[in-house]
Structures are given as C-alpha cells and as structure tokens.
Amino acid sequence: GYNVGIQKAFEEKNIEYIFVLNNDTKLDEKCLEELVICAKKHPEAGSIQSKVLNFFDPEKIDCAGILLSTDGVATNRGYDEKDSGQYDNEAEIFGASGAASLFSRKALEKTKLSAGEYFDNSYFAYYEDVDLAWRLRLAGFKSYFCPKALVHHVHSATAGQISGFKAYYLNRNRFFTLIKNYPFCRLVLILFILTPVRYIFLLFRVIMKKGRKGAEFSGQSKGAVAKEILRAWGSVVANFPSLVRKRRIVWKNKKVNCSEIRRWFREYKVKFSKTF
C-alpha cells in the first residue's frame, strides 16, 4: 500500500518528501510541520522519525526510532518506557519506523529495489521499515529523531500481540532482512550461532511463562505458533535466490565502510534480554 501511494505521489515532480502513516494512529496538528523543519535542517537524512506515544497511555513511549540486537532482531527505541524527557532531544538514530515517519524522495529513489518498489513488496507485514532503514544507511543516508513531531499509536492493533500471522511474518522477514543487508561475517555468526540461541531461550521462556513473550504465548496455542515459525523458515529457503538478487542490488549501492557499520551496532543496540 505504501508503494502504491508513493509511486502516485512521485508523479508530481515537486514532491520532496513522503510521510508514511499506519492506520491506527492520530497526529498532533504540528507533526508534519516539525518533521519537514527537521528534514530541512538535515539534508543528509533519508528519514525523520516522529515521537510516537502510546495511544491509550500517552505518558509512555511507543517508538523513538529503531534499535538492533546482536542477532538481528529489531525493536522500537524507548518502547514502553515512561516519557520522562529522555527523548526530548533531536538526535541521530539508526532508522525510522514505518508507523509514522518522513522520507526524502532522493533517498527512496536511490534505494528502491525495482520500479515503484521502495518498501520490499515481498515482506507484506513487519520488518519492511527495518529493511528500508538498512538500505538507506548502507547507501550513505542518515536518520534523525524529531521529538517535537508527536503521533499517538495503538501498538499492534492490526495483528494483535501474539498470533500465528505475526509469528510467521516476524520470523520470516527478520531472515529476509539479514540475508539482504547484513555484512557476510556477521550474517554467518547470527544464522549459525546467535539465532539457535535465541530460539532455545524463547522456548525456555514460553515453557516457564517468563518475560513479556512468555506471558503472551501462555494464552495461545503454542503448537500453532511453532508451526507458523517452521513455515516461515521454509519460506526463507524458497525465497533464497530472490533474496540473493536483492542483496546484490543493495550492496551495489553501498557507500559506507565496515567501521561505520560496526559503529551502528555499538551506538544503536538493544540488549538481547530486552527483545523477549
């Protein structure tokens, strides 16, 4: 849906920015104005992240950007934290969430995968914004957080907290993002060492009903969710040739060196334990 809208908007040659917005949000009246002001201030930015608050509890943060864990799981910066002013400063971030963010036309045109494919169409739901954040970063664009641009978001309103649908696309699309964007040495480490550790750790938490994920799974059919995860792995295998072709496109546009990529993992990381 985003791609259809973006392609239509770009028929007008004077369009400089695109604002993407989820269906379960409400904007502050000055949100767009503040995002554009921030974008003008940072012409090197490919994306500008709004300050997204919890719709039902506006004293809590929903998203202030994207963070990365050591095994490639992405999470919302500031998620579920009480808003005590810790995210009141404009700052560089790894990337912008697709829930409510501004993107520059130049950046989207530079990093598209094919004609009209700015977000990867194969993702359908989840991680498409993380994938785009990686493509923008690798192509040399930066991302900034704009605290004055306020949005209220109902987190996971469309698919619910835990479901077979969500388990399938989250697990599948994380691998899609890894294979397309990650440096080869880190990709091998994640796929063959860190990912098995993650699934063992998750299984333990579900059995013991510990942590956020464990509590949410406890009321679900674990077998049905496990089946969807296995189906997701099968889809990764089936799509592997396509992912390799897309990786060639992404890395052909690469403008940053390895030390810069290592910096992202240091500065924009989230603790492994906080991704459960």
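Phe184, Val188, Leu189, Phe192, Ile193 and Val197 form a nonpolar patch on the surface, and together these residues have about 600 Å² of accessible area. A patch here is made of residues with over 30% relative accessible area and no salt bridge, with like charges joined within 9 Å and nonpolar side chains (Val, Leu, Ile, Met, Phe, Trp, Tyr) within 5 Å. Accessible areas come from the Shrake-Rupley method with a 1.4 Å probe, and for residues only the protein chains shown count as cover. Val197 belongs to helix H6, which covers residues 184-208; helices (H or I, at least four residues) and strands (E, at least two) are DSSP runs, numbered from the N terminus. With a relative accessibility of 43%, Val197 counts as partly exposed, where buried means under 20% relative accessible area, exposed over 50%, and partly exposed in between (1.4 Å probe, protein chains only).

The structure is a predicted model, in which local features need pLDDT of at least 70 and side-chain atom pairs count only at pLDDT 80 or more, while totals for chains, interfaces and linings use all residues. Residues are numbered from 1 along each chain as its sequence is written, and side-chain values use heavy atoms, with hydrogens and water left out.

Seen as a whole, the chain contains 10 helices and nine strands. Its radius of gyration is 18 Å, close to the 19 Å that the globule rule gives for 276 residues, so the chain is as compact as a globular protein of that length; the radius is taken over C-alpha atoms, and the rule is 2.2 Å times the number of residues to the power 0.38. The C-alpha trace spans about 55 × 45 × 35 Å along its principal axes. The accessible surface of the chain comes to about 13500 Å², and carbon and sulfur atoms account for 57% of this area. Of the 276 residues, 50% are buried. Among contacts (heavy atoms within 4.5 Å) with a separation of 6 or more, 76% are between residues 24 or more positions apart.

In soluble globular proteins, nonpolar side chains tend to be buried together. In this chain the largest nonpolar core has 33 residues, and those with the most contacts inside it are Leu68, Phe94, Trp134, Tyr182 and Trp264. At least two residues of this core come from each of strand S5 (66-68), helix H4 (128-138), helix H5 (164-181), H6, helix H8 (222-238), helix H9 (240-252) and helix H10 (258-267), and H5 gives the most, with five residues. Such a core is a set of buried Ala, Val, Leu, Ile, Met, Phe, Trp, Tyr and Cys residues joined through side-chain atoms within 4.5 Å. Leaving aside neighbours within four places in sequence, Phe94 is in contact with Ile66, Leu68, Ala133, Trp134, Arg137, Ser143, Trp264 and Tyr268.

Trp264 leads on to H10, where Ile261, Arg263, Trp264 and Phe265 are buried. The cover over the buried residues of H10 includes S5, strand S7 (91-93), H4, H6 and H9. Arg263 counts as buried at 16% relative accessibility, whereas Glu260 counts as partly exposed at 22%. Salt bridges that share partners join Glu92, Arg137, Glu260, Arg263 and Glu267 into one network.

A search of the whole structure finds 18 salt bridges. One of them is between the side chains of Asp80 and Lys60 (3.6 Å, N to O). Asp80 lies in the loop between strand S6 (74-76) and S7, and Lys60 in the loop between strand S3 (45-54) and strand S4 (61-63), so this pair ties together parts that are 20 residues apart in sequence. Asp80 is partly exposed, with a relative accessible area of 41%, and Lys60 is also partly exposed, with 29%.

Another salt bridge joins Glu228 to Arg231, with the closest N and O atoms 2.9 Å apart. Both residues lie in helix H8, three residues apart, which is about one turn of the helix. Glu228 is buried, with a relative accessible area of 18%, while Arg231 counts as partly exposed at 46%.

Methods
A salt bridge is a side-chain nitrogen of Lys or Arg within 4 Å of a carboxyl oxygen of Asp or Glu.
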